[in-house]
Amino acid sequence: MKIAIIGASGQIGAFIRDEALARDHQVTAIVRHPEKITVRNPHLTVVKADILKDKVDELVKGHDAVISAYNPGWSNPDIYNEQIEGYQAIISGVKKSGIKRLLVVGGAGTLEVAPGVQLLDTASFPEQVKKGVLATRETLYMLKEEKELEWTFLSPPASIAAGERTGHYRVGKDQLLKNKEGESKISTQDYAVAMLDELENPQHIRERFTVAY
C-alpha cells in the first residue's frame with residue numbers, strides 16, 4: 001500500500017514507519033524535522049511539513065491510508081490546544097483528500113481500570129502529561145462522531161517502550177490489559193506490529209482497541 005505516516009520520526013511513529021517499510025509498503029513520512037530520519041530505503045519518501053500550517057489534504061492525497069502519530073511534543077506548554085487543532089486538521093484533511101482509512105496512535109489514559117473509571121482519572125496518573133492525554137481523549141471523542149472515515153484508534157497499554165519485536169500481543173477494547181503479574185506493557189515494536197496488522201487486515205473499523213502482552 002501507499003501509506004502516509006504523520007509524525008514518522010517520533011517515539012512511536014518511527015517504529016510504525018520501519019514496520020511498514022519492512023512489509024514493503026510505500027511510505028511517505030510527514031515530519032517537522034526530516035533530519036531526524038536517517039533511514040535510507042527506496043520505498044521511503046520524507047516530506048517536511050507542519051500540519052498546523054500546511055494543507056493536510058495535499059500532503060496525503062494519492063495514498064491508500066494515513067497513520068497519524070501526531071504529537072506537538074510533551075514539553076510543549078500549549079500541547080492541549082495544538083493537539084486538538086492538529087487532529088481537527090488531520091481529520092478534515094484526510095476527508096478532503098478522498099482517503100477513507102485513518103489509523104491513530106492513541107493513549108492509555110482513556111482505558112478503563114474499573115467500570116466507568118478511566119486511567120486518566122485515577123489519583124496516581126502523572127500530572128505532567130495530563131494536558132496531552134486529555135487532548136488525546138478529545139481526539140477519540142472527535143473520531144467517535146466521525147461517520148465518513150474508516151478510522152481506528154489504537155491505545156497502547158500503561159507502559160510502552162522500545163524493546164523486542166516478538167510479533168505477539170493480546171487484543172482488548174476499552175479496558176486496560178494486564179498480565180498475570182499485574183503489568184500493563186508492550187514494546188514499541190510490537191505496538192507497531194499491531195498497527196500494521198490492523199491496517200492490512202482491518203478488525204476495528206470505527207472503533208478503539210488496545211494491545212498488550
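Q: Axes here are lines fitted to C-alpha atoms, for helices over the stretch in contact, and angles run from 0 to 180 degrees between N-to-C directions. So much for terms: at roughly what angle do the axes of helix 3 and helix 4 cross?
A: This is a predicted model, where local features need pLDDT of at least 70, side-chain atom pairs count only at pLDDT 80 or more, and totals for chains, interfaces and linings use all residues. Residues are numbered from 1 along each chain as its sequence is written, and side-chain values use heavy atoms, leaving out hydrogens and water. Helices (H or I, at least four residues) and strands (E, at least two) are DSSP runs, numbered from the N terminus. Helix 4 covers residues 130-144, and its axis and that of helix 3 come within 8 Å, crossing at roughly 25°.

Q: Is helix 3 roughly parallel or roughly antiparallel to helix 4?
A: Angles under 35 degrees count as roughly parallel, over 145 as roughly antiparallel, 65 to 115 as roughly perpendicular and the rest as oblique. With a crossing of roughly 25°, helix 3 and helix 4 are therefore roughly parallel.

Q: Are the rings of Y70 and Y87 stacked or edge-to-face?
A: Rings of Phe, Tyr and Trp (its six-membered ring) pair if their centres lie within 6.5 Å, with planes under 30 degrees apart stacked, over 60 edge-to-face and the rest tilted. The search of the whole structure turns up one aromatic pair. Its rings, Y70 and Y87, have centres 5.9 Å apart and planes at 70°, so the pair is edge-to-face.

Q: Which elements hold Y70 and Y87?
A: The pair links distant parts of the chain, 17 residues apart. Y70 sits in the loop between strand 4 (65-68) and helix 3 (79-97), while Y87 belongs to helix 3.

Q: Is S155 buried or exposed?
A: S155 lies in strand 8, residues 150-155. Buried means under 20% relative accessible area, exposed over 50%, partly exposed in between (1.4 Å probe, protein chains only). At 0% relative accessible area, S155 is therefore buried.
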